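Please consider the sequence and the structure shown below.

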Amino acid sequence: MGLLLSSLSLQATSLQSQLRFRSQVQARADQDQLSQAAQKLVSEINLLHPCLLHLPEQDWTRAGMDCIDASRATWLLQGGDGSPADVHTLAWQPDASGKKVMLLLELPKAPRGTARRGLFEIGLGGEPIRAWSIQEQGLLGAQS
Amino acid sequence: MTMAEVALAAVILMGSASASAQIWASSMAGIHSAQQRQRALNRIDGELILLQNHWQQVAQFGPLAPSCRVASQQLIDDLQQTPLGSGVDRQLTLLPEGEGLMVSLQDHNEPQARRDQLVKPAALHLCEAA
């Protein structure tokens with residue numbers, strides 16, 4: 001009886017390990033997708049719209065912006081043409097020092113209805129100022 | 001207790017002991033393989049962090065390339081020179097439009113332990129708009 005119980009307990013531990021591994025693999029795939037979106041967004045801003053570097057995301061679509069039109073800014077925030085699989089930009093928040101931006105991205109179409117969010121720290125520098133580093137701060141398993 | 005009852009009890013005991021031993025062995029194998037897969041994931045993560053640190057260093061101190069295509073190729077050449085941990089495969093692929101590269105790391109024995117990182121030189125200010 002003791003042997004049977006300990007075997008069943010081990011079996012449960014083994015199944016739990018398999019599930020944990022699967023969820024870790026999925027988390028890394030999500031993390032990679034968010035990181036790719038961060039690279040694409042920052043690349044686009046550095047090359048074509050550096051004026052956005054110091055502007056919080058809520059000002060990107062403001063009327064009368066010189067360096068970007070509202071539709072392009074919306075496209076950047078949506079991560080594309082608005083397809084449900086696109087990674088959204090939830091926040092682009094420059095800090096007071098002007099040397100860092102916190103970027104929060106969301107991957108809406110994660111399995112089981114949960115949305116994954118990735119937080120990145122963008123380092124700014126040089127003259128004229130540009131983004132020159134992207135550091136992942138972590139993956140947040142926010143619920144949709 | 002009759003002889004037949006004793007024999008039946010012995011058979012039941014042997015059967016359940018044998019089944020338990022099988023479950024125990026398969027569970028132990030499962031736990032062992034889960035530990036190996038976990039180690040593979042950690043190994044790939046470690047390699048990725050090393051590479052990320054490397055290209056951040058390049059970005060901080062590297063010169064501006066004449067184009068993003070050239071910067072991508074320079075990054076590939078540079079990353080190919082960086083040492084790689086044992087048991088890990090590295091694949092560096094230039095994107096079709098040439099303005100970025102995909103860095104893929106995979107464990108030899110555990111194909112699910114895999115990371116795919118896009119690197120756009122323009123995002124690290126290694127190149128500017130033409």
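This is a predicted model: local features need pLDDT of at least 70, side-chain atom pairs count only at pLDDT 80 or more; totals for chains, interfaces and linings use all residues.

## A hairpin in chain A

β3(A) and β4(A) form a hairpin with 4 residues between them, and A:Gly126 in the turn has a positive phi of about 85°. Helices (H or I, at least four residues) and strands (E, at least two) are DSSP runs, numbered from the N terminus. Strand β3 of chain A covers residues 116–125 and strand β4 of chain A covers residues 130–140; the two pair in the antiparallel sense over 9 bridges. Two strands are said to pair if DSSP finds at least two bridges between them.

Residues are numbered from 1 along each chain as its sequence is written, and chains are lettered from A and ligands numbered from 1 in the order in which they are written.

## The sheet of chain A

Strand β2 (residues 100–107) of chain A is joined to β3(A) by 8 bridges, and the two run antiparallel. A:Leu104 stands opposite A:Leu119 in β3(A).

## The sheet of chain B

In chain B, 3 strands form an open sheet in the order β1-β2-β3, again with antiparallel pairing. Because β1 (88–94) and β3 of chain B stand at the edges with a single partner strand each, one side of each is left without a neighbour in the sheet. The twist averages 15° from one strand to the next.

Strand β2 (residues 101–107) of chain B pairs with β3(B) over 6 bridges in the antiparallel sense. B:Leu101 stands opposite B:Val119 in β3(B). The helix α1(B) packs on the sheet and touches β1, β2 and β3 of chain B; its direction makes about 150° with that of β2(B).

## Where the chains meet

How many residues does the contact take from each chain? It takes 29 residues from chain B and 31 residues from chain A, where two residues are in contact if their C-beta atoms, placed from the backbone, lie within 7 Å. On the side of chain B that touches chain A, α1 (3–61) and β3 (114–119) of chain B each supply at least two residues. The largest share of that side, 16 residues, comes from α1(B).

Terms used. Axes are lines fitted to C-alpha atoms, for helices over the stretch in contact, and angles run from 0 to 180 degrees between N-to-C directions.
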